[in-house]
Amino acid sequence: MKEKQSLTVIGAGSYGTSLAVAVASKGMPVMLYARDPQKAAKMQEEQMNAQYLPGIIFPPSLTVTSNLEEAVKFARDILVVVPSESFEKTLKEIKPFWKRRQRLAWATKGLDSSGELLSKVVMREMTDDEYPILPIAALSGPTFAKELAAGMPTAIACAGNDEKFVDDMCQIMHTKTFRVYKSHDLVAMQIGGAVKNVIAIGAGMSDGLGYGANARTALISRGLAEMIRLGTALGASERGFMGLSGLGDLMLTCTDNQSRNRRLGYMLGQGKRADEALKEIGQAVEGYKMVKVVVGLALKMGVEMPICSELYEVLVNHKTGREAARDLLRRDSKSE
């Protein structure tokens, strides 16, 4: 008998909740795991995530739990949507309840704190000599949670190591307003998701400093070049960065104030301290911590990333945005 299709989403932040809502909107059984029992109970009672997505009512097929064992056992397919800094820890917590028939996907954007691709973290933590193969898939693309949850048209991409699982995830996530395209470059997807958050801080900072549209566009374009250089050094194809999870996500994150990374940069450009800006935003800003990881990986791979390096100086060593812009503009002229 064919197994009934269902999905578990691990992580009840704005993005995890919006993905759960999207899938459940077509009647598919979805279980959303929230770590905090009080938060989970409140979400289940109110049938919404009032903290992150106020006014978005949960579909009837969406259930919220704080019981991780219940969540993992609920569905064959598990979708992890947690901040990158919590990714490895979450896998370790899932592992005791994992069954060999299950498949793992994630919509977490970024890299491990050591600079390792999340796909490698998954295979290290979730496989062993007796079970060396695990179907995995990553979801990434230009997505703001509020728009997705509200049913506004959205498109992302999916890549993985198992064509059947990627096809299945594309079908599971697909709704009348949410389209998922198959990608064949898992490395590009992961590097794109990490670097775009760093560049978005720079784009916001440029605007906060009042540098205008010319500077913002140049920064985005050269930021894409840095993303491609790092990705190709790690085995990605240049073409892999030209789609939704590369250029598309970069454009979204750099140009719209729904982006927490852009908002952080904008506030820094206007003179706020990082701790003040982060407190005001009130949610994880992936690029703030990812800048150390990206620059460290670039140094390890011998890849030149001047924009990311200057942002490191601003965010870590407290260089001013104007000083960083000055030093970028003073660099020797070279071919595009």
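Predicted model: local features only at pLDDT ≥ 70, side-chain atom pairs only at ≥ 80, totals over all residues.
Helices here are DSSP runs of at least four residues, numbered from the N terminus.

| Pocket | Volume | Lining residues by class |
|---|---|---|
| Largest | About 1100 Å³ | 16 nonpolar, 14 polar, 11 charged |

Start with the largest pocket, which holds about 1100 Å³ of space. Its lining counts 41 residues, and Gly13, Ser14, Tyr15, Arg260 and Gln283 sit closest to the centre. Several helices each give at least two residues to this lining, including α1 (14-24), α8 (186-208) and α11 (260-269).

Now for the second largest pocket. Here 28 residues form the lining, with Leu219, Arg222, Ile307, Leu328 and Leu329 nearest the centre. Which helix supplies the largest share of this lining? That's α9, with six residues. At least two residues each also come from α8, α14 (306-317) and α15 (321-329).

**A closer look at threonine 127**

Threonine 127 belongs to the loop that runs between α5 (118-126) and β6 (136-140). Is threonine 127 buried or exposed? Its relative accessible area is 16%, so it counts as buried, the cut-off being under 20%. The side chain of threonine 127 comes to 2.3 Å from the backbone oxygen of methionine 123. Setting aside neighbours within four places in sequence, threonine 127 also has Val122, Pro132 and Leu134 as contacts.

Notes. Residues numbered from 1 in each chain as written. Heavy atoms only, no water. 1 Å grid on protein atoms, 1.4 Å probe; cavity = no way out; pocket = protein on both sides within 12 Å on 5 of 7 lines; lining within 4 Å. Points joined across faces, edges and corners; volume = space filled by probe spheres on them. Nonpolar A, V, L, I, M, F, W, Y, C, P; charged D, E, K, R; others polar. Buried < 20%, exposed > 50% of the residue type's maximum accessible area, 1.4 Å probe, protein only. Polar contact = N/O pair within 3.5 Å; in protein donor to acceptor, adjacent residues only side chain to side chain. Contact = heavy atoms within 4.5 Å.
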